[in-house]
Amino acid sequence: MSRNLASRCVIVVGAQWGDEGKGKVVDLLASHFDWIARYQGGHNAGHTVITGGRKHILQLIPCGILSGSARAVIGNGVVIDPAALVQEMDALEAANVQLEGRLFVSNRAQVILPYHRMLELAAENAPGRIKIGTTSRGIGPSYEDKMGRRGLRIADLFDADLLRTHIENALREKNAIAGALYQAQPLDAGSIYERYVDYSRRIRSYVTDTAALLDQAWRAGDSILLEGAQGTLLDIDHGTYPFVTSSSTTAGGGCTGTGLGPTRVSGVVGVSKAYATRVGGGPFPTELEGEIAEHLRERGNEFGSVTGRPRRVGWIDLPLLRYAVRLNGMESLIITKLDVLDQLAEIPVCVGYRRGQSAVEEIPATVAEMEKLEPVYESLPGWQTSTAGVTQWAELPRAARAYLDFLASRLELEIGLISTGPERNEAAWLPHTKLQAWLGVTAPAKASVERVKAKG
Ligand code: GDP
Ligand code: IMO
Ligand code: MG
């Protein structure tokens, strides 16, 4: 069968440490796509969508489910806690979101079981262990079982004998480990089995071979958006290891995590805040403390949407964003939360790193080396005018445009969209961008780096 030329597949990735506003952005882009698919992570993600004053926090189901007719896929690369999935399905149905015929769950996705959470909590608090500051959702231990080839997949939930045996065997091992190493109370196989049978009944009609489904859709000319969770610097290979999550958050994960081959991908767009945040432990070269940190945290409402933890905040970091551009093959960037910077008189941007007298060109591989980096800042004038809710590039204050222009030219990358508030419509598009071409809105024109420069 030949390819229908209308087919498009765009990957949306977090360019920082997560919480960049992917939920808001995917919800906004979703009306341009037939399918929205998650490809990695689990309910460690918290993607906030606010439409018409109503707030939804999606953890497993792609944000596209809230937008018109788009269909939502939970891909094979995701780890699914059926309790969390059922809870999210119930909440969406209670909000009158139709799921039947619109939600598809991969039969090959891994299942999170209660012992994953037990082991993670015990290990995180054990003396002598590096405390990652995880979301305690069992994500890491579940991916460990996947890679150790002892995981349970969604399709296995429907084979009662296999399910019971799997839980009994796994618990024999996990209870012994958790008891011996962490003095944890043992979990009971029978009650877990009963609960998981109930969950399997609730989700059964949504489960299918989603890789085959997406391939069929792509061949039929449909457009597909792959919704990343977490962010580039939390990637298991390329992030600030070991302070990372346990999946491939970068664009490559979009292929393995859905079964769509790399030749199907039309483009990769990154999402970054106009500043930076991080939740949990690990290096953060531009981290701020004190009054400005408090100001940004309050204005940006920087408290974890899943755990409620205060997010660490800092200035935007161009060396790390360049790293994200390279790793994802990113060709367009969306900047969110510009409005959070509105009151600042000047805005430092990290343009490079030094160590003593020498410039550091590469991002170090170790935490120890990362922590020695001294950011080099260039300060740009603030605009001290409200940008909240601005929907036109031309209506942004000159200094705000200069700030965005500076980012685009230093990153040698177009900026395709600027978000100026949490609501769906609070955003300004830049015309003639690659992003718009991938959305099927306009033909690609000159690289918008040049365009932004000319306008700035
Ligand atoms: P995600 O995990 O990348 O989807 O991001 P989160 O939803 O965890 O965190 C982003 C937060 O910023 C949410 O509370 C959003 O409602 C909010 N948000 C997104 N874009 C903007 C924006 O442009 N301005 C402001 N003020 N808030 C935004
Ligand atoms: P979204 O999709 C921000 C962080 C945790 C911790 C590390 C490992 O909303 O951007 P895990 O539970 O995944 O094993 O924790 O990763 N983390 C996130 N930080 N946004 C997220 O998701 C995150 N998901 C995990 O805080 O530091
Ligand atoms: Mg989040």
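**View 1. Helix H1 and its burial.** The buried residues of H1 are Lys22, Gly23, Lys24, Val25, Val26, Asp27, Leu28 and Leu29; buried means under 20% relative accessible area with a 1.4 Å probe, protein chains only. Helices (H or I, at least four residues) and strands (E, at least two) are DSSP runs, numbered from the N terminus. Helix H1 spans residues 22–29, and because eight of its eight residues are buried, H1 is largely enclosed by the rest of the structure. The model is predicted, with local features needing pLDDT of at least 70 and side-chain atom pairs pLDDT 80 or more, while totals for chains, interfaces and linings use all residues. Residues are numbered from 1 along each chain as its sequence is written, chains are lettered from A and ligands numbered from 1 in the order in which they are written, and side-chain values use heavy atoms, without hydrogens and water.

View 2. An oxygen atom of ligand 1 lies 2.6 Å from a side-chain N or O atom of Thr48, and an oxygen atom lies 2.9 Å from one of Asp19. For Asp339, a side-chain N or O atom is 2.7 Å from a nitrogen atom of the ligand. Of the 580 Å² of accessible area that ligand 1 has on its own, the protein covers 94% (Shrake-Rupley method, 1.4 Å probe).

**View 3. The shell around ligand 1.** Of the 19 residues around ligand 1, Lys22, Gly23, Thr48, Asp339 and Ser419 come nearest (a heavy atom within 4 Å of the ligand places a residue near it). H1 and strand E3 (47–51) are the elements that give two or more residues to this shell.

Key:
Buried means under 20% relative accessible area, exposed over 50%, partly exposed in between (1.4 Å probe, protein chains only). A polar contact is a pair of N or O atoms within 3.5 Å; within protein, one must be able to donate a hydrogen and the other to accept it, and residues adjacent in sequence count only if both atoms are side-chain atoms.
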